[in-house]
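Hello,

Here is the structure I said I would pass on. My notes on it follow below the entry.

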Amino acid sequence: MKIIIAENYKELSRRAANMISAQIILKSDSVLGLATGSTPVGIYDQLAERYQTGDLDFSQIFTVNLDEYYGLSAEDRQSYHYYMTKYLFSRVNLSKAHCFLPDGTNLDSRTECKRYQNLIEDLGGIDLQLLGLGHNGHIGFNEPADFFEKEVHLVNLTEQTIQANQRFFESAKEVPRQAYTMGIGTIFQARKILLAVSGKEKAEALYQVAKGRICPQVPGSILQIHPDVTVIADKGAAELF
């Protein structure tokens, strides 16, 4: 695990975008695993700017997102489909036919999880997976548990995660209680992983992920044994190192 400490969020975003840009340039048909939340916004801004200046071409790139809220349609303003369209898909020349997320409107979780897992495998797996980090150490929506989930699954969100995501909704009551997410095993099979972490409120979680005991109660801790992980954290998130 390589840890890079950025001066601030702007530098974090630039460094993370550099890594993703390099992947796109080196392999024009890369499969990128993408994340949502507040931290990736600056990264996506950087990537969009580089496309607009002619430095990046997304036309052959494939994307697979980590997760989607159960029950929300792609048109719902709180869905991750909507988020990705707003912050990245509509700003670069990605083909709509190459952009994939779980289908939150498929309420048959068994068939949807199998469909999305098979889709990722049919694409040949993920070349580079971008991750954020939850306050409780979750990656994707893999919450603290008694075991590491292997594949795409439907998860019950913890109250801590619901409260953390409330800022994107008008009230906590509107936050979905379940989500589809790639499993730890699915994430772990990515050839490269980029973990971007911002803010001192994530400092304890990041320390446990990078230096603590590897256990499913801290889902991100499994990244310690992945062969190619880069952590980019700003000074606030890295204050315990």
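Which residue in β6 is the bridge partner of Leu-32? The partner is Leu-128. Please keep in mind that this is a predicted model.

Strands β2 (residues 31-34) and β6 (residues 128-131) pair in the parallel sense, over two bridges. Both belong to an open sheet of seven strands, in the order β1-β10-β9-β6-β2-β3-β5, with parallel pairing. At the edges stand β1 (2-6) and β5 (99-100); each has a single partner strand, so one side of each is left without a neighbour in the sheet.

Next, the aromatic rings. There are nine aromatic pairs, counting rings whose centres lie within 6.5 Å. In one of them, Tyr-69 and Phe-169, the ring centres are 5.8 Å apart and the planes are at 75 degrees, so the pair is edge-to-face. This pair links distant parts of the chain, 100 residues apart: Tyr-69 is in strand β4 (residues 67-69), and Phe-169 is in the loop between α5 (159-165) and β8 (178-181). Tyr-69 counts as buried because its relative accessibility is 1%, and Phe-169 counts as buried at 10%.

Another edge-to-face pair is formed by Tyr-70 and Tyr-180, with 5.6 Å from centre to centre and 80 degrees between the planes. Tyr-70 lies in the loop between β4 and α3 (80-87) and Tyr-180 in strand β8, so the pair ties together parts that are 110 residues apart in sequence. Tyr-180 has 0% relative accessibility and therefore counts as buried.

Finally, Tyr-69 and Phe-169 also belong to one aromatic cluster with Tyr-80 and Phe-141.

Regards

Terms used. Residues numbered from 1 in each chain as written. Predicted model: local features only at pLDDT ≥ 70, side-chain atom pairs only at ≥ 80, totals over all residues. Heavy atoms only, no water. Phe/Tyr/Trp six-rings, centres within 6.5 Å; stacked < 30°, edge-to-face > 60°. Helix = DSSP H or I, 4+ residues; strand = E, 2+ residues; numbered from the N terminus. Buried < 20%, exposed > 50% of the residue type's maximum accessible area, 1.4 Å probe, protein only. Pairing = 2+ DSSP bridges.
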